[in-house]
Amino acid sequence: MSSFRLLARRTAPALRRFSTETPVAGKNAYLANLEAVGHHAAETTELWRKIANYVCLPAIAVCGAWVYNLEMEHKAHIEHEMAENDGQYPFPPAYEYLSMRRKPFPWGPNSLFFNAEVQKNLAEESEE
């Protein structure tokens with residue numbers, strides 16, 4: 001038993017070094033740093049919340065309104081062109097460099113994203 005008491009007396013001062021209670025202004029450096037990091041995180045979170053609410057959301061709303069107006073003008077222009085051409089979309093001129101193919105697509109002459117309302121149907125041209 002005496003050897004246990006001797007070991008306990010020798011290690012007690014060493015264990016005090018790892019204690020969180022040190023006489024440096026009531027806190028040790030680790031806890032002070034941890035508290036500073038937490039305070040900084042709270043301030044940064046608040047800053048980015050304000051940026052998101054007062055800068056990003058209004059910017060998204062303004063850009064959305066601008067794009068909506070632009071698309072409505074584009075739609076009105078297309079409708080006007082279709083009204084001038086008997087309800088048909090005016091096709092671009094048949095320049096030789098448009099729709100140029102080195103080899104055919106496996107599914108036919110038109111592209112995979114072919115839209116018959118606004119693009120020429122190359123399958124009809126190849127039949128003629």
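Contact here means heavy atoms within 4.5 Å. In this predicted model, residues 24 or more positions apart account for 24% of the contacts in the protein with a separation of 6 or more.

The protein contains 3 helices and 0 strands, and its elements follow the pattern α-α-α when read along the sequence. Of its 128 residues, 3% count as buried, while the accessible surface comes to about 11700 Å², with 62% of that surface belonging to carbon and sulfur atoms.

Two residues of the loop between α2 and α3 can be set side by side: N110, which lies in the loop that connects α2 (29-84) with α3 (122-127), and D86, which is placed in the loop between α2 and α3.

| Residue | Relative accessible area | State |
|---|---|---|
| N110 | 12% | buried |
| D86 | 73% | exposed |

N110 is classed as buried because its relative accessible area of 12% falls under the 20% cut-off. Once its neighbours within four places in sequence are left aside, N110 is in contact with F105, K120, N121, L122 and A123, and of these partners L122 and A123 carry numbers that fall within the range given for α3 (122-127).

D86, in turn, is classed as exposed because its relative accessible area of 73% is over the 50% cut-off. Most residues other than glycine have a negative phi.

Technical notes:
Residues are numbered from 1 along each chain as its sequence is written. This is a predicted model: local features need pLDDT of at least 70, side-chain atom pairs count only at pLDDT 80 or more; totals for chains, interfaces and linings use all residues. Side-chain values use heavy atoms; hydrogens and water are left out. Helices (H or I, at least four residues) and strands (E, at least two) are DSSP runs, numbered from the N terminus. Buried means under 20% relative accessible area, exposed over 50%, partly exposed in between (1.4 Å probe, protein chains only). Accessible areas come from the Shrake-Rupley method with a 1.4 Å probe; for residues, only the protein chains shown count as cover.
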